[in-house]
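Try each task by yourself before reading its solution.

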Amino acid sequence: MPQKVENYYNYIYAGRIHSRRHRRRKRIGVWILTLFIILLIALLFYIVFTKKQPKSVPANAGGSAISVSEPAEEADTSSRATESAEPSHTTRIIDGRTYIDGILVVNKSYPLPATYDPGLDPEALSAFYRMQKDASDDGLFLYITSGYRSYAEQVAQYNIHVQNKGKDYADKVSARPGFSEHQSGLSMDINSTEDSFANTEEARWIAENCVKYGFIVRFPKDKEYITGYAYEPWHIRYVGIQNAEKISESGLCLEEYLGIKSVYAD
Ligand SMILES: [Zn+2]
């Protein structure tokens with residue numbers, strides 16, 4: 001083969017080797033990049049998953065806290081998927097008291113121990129005073145008819161009703177001892193406890209404004225079958241401003257909001 005032609009073939013051959021090597025190097029580069037992306041995704045999943053794990057349980061001053069999960073919370077992954085439809089709740093029992101999402105629950109399903117004797121909550125009381133002042137600026141006088149009621153006082157009140165008209169009647173108009181929200185120190189009856197109170201300016205003002213001070217009207221109209229109590233426009237419950245706003249915006253009563261019932265066991 002003439003020298004020139006041979007050189008030419010050598011040139012072509014070298015070029016082929018070169019491009020083959022180049023392609024191989026390129027392929028290895030793609031593999032490394034893919035591997036790197038897979039590792040990165042795995043790392044991301046790991047971070048997200050470990051962050052989602054145990055929710056921190058706030059330390060409570062003196063009191064044996066037991067964390068109890070609602071059935072809806074058992075499968076964390078499934079509850080996350082259906083979060084928008086069915087929010088999960090955190091239930092904690094502290095010395096016989098039930099807190100759901102941090103809210104102390106007292107109703108026909110969740111009693112307080114007879115020994116729980118906190119008196120009227122100072123934060124709730126000062127919130128009431130702020131509300132009372134603003135109502136008076138609007139020309140209305142609000143006052144507490146019934147605030148804190150101890151277990152012993154509830155025993156006396158309930159028994160009077162039982163003696164007068166029997167247990168069925170007593171259950172209609174009064175809470176059984178341990179089941180009254182007034183024992184929590186977070187509830188108040190404002191002004192009158194007569195049904196006619198519903199048609200007063202004061203009742204309208206409370207319904208419209210109590211949320212701003214951290215209260216909810218605890219037993220709303222048309223929710224009797226859920227709360228276990230007839231409409232009580234005078235009975236307000238302190239839950240803090242944030243909770244009150246959320247509950248109010250939801251349009252639900254507390255039982256619906258927390259996904260619980262209010263029914264005596266017997
Ligand atoms: Zn009340």
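The exercises below go from an overview to the strands and then to the core.

**Exercise 1.** Find how many helices and strands the protein has.

*Solution.* This is a predicted model. Finally, take the contacts with a separation of 6 or more: 65% of them are between residues 24 or more positions apart.

**Exercise 2.** Work out which strands pair with E6 and in what sense.

*Solution.* Start with E5 (residues 144-146), which runs antiparallel to E6 (residues 187-190) and is joined to E6 by two bridges. Here Ile 144 has Ile 190 as its bridge partner. Then turn to E8 (residues 235-238): E6 and E8 are also antiparallel, with three bridges.

**Exercise 3.** Identify the residues that touch the most other members of the largest nonpolar core, and the element that gives the largest share.

*Solution.* The core has 33 residues, and those touching the most other members are Ala 127, Met 131, Cys 210, Phe 215, Ile 216 and Ile 236. Elements that each supply at least two core residues include E4 (103-105), E7 (215-217) and H8 (241-250). The largest share, five residues, belongs to H3, which spans 122-137.

**Exercise 4.** List the contacts of Ala 127, leaving aside its neighbours within four places in sequence.

*Solution.* With those neighbours set aside, Ala 127 is in contact with Tyr 213, Gly 214, Phe 215 and Tyr 238. Of these, Phe 215 was already met in Exercise 3, among the residues touching the most other core members.

Technical notes: Residues numbered from 1 in each chain as written. Predicted model: local features only at pLDDT ≥ 70, side-chain atom pairs only at ≥ 80, totals over all residues. Pairing = 2+ DSSP bridges. Helix = DSSP H or I, 4+ residues; strand = E, 2+ residues; numbered from the N terminus. Core = buried A, V, L, I, M, F, W, Y, C linked by C-beta atoms within 7 Å. Buried ≥ 20, exposed ≤ 12 C-beta atoms within 10 Å, placed from the backbone. Contact = placed C-beta atoms within 7 Å.
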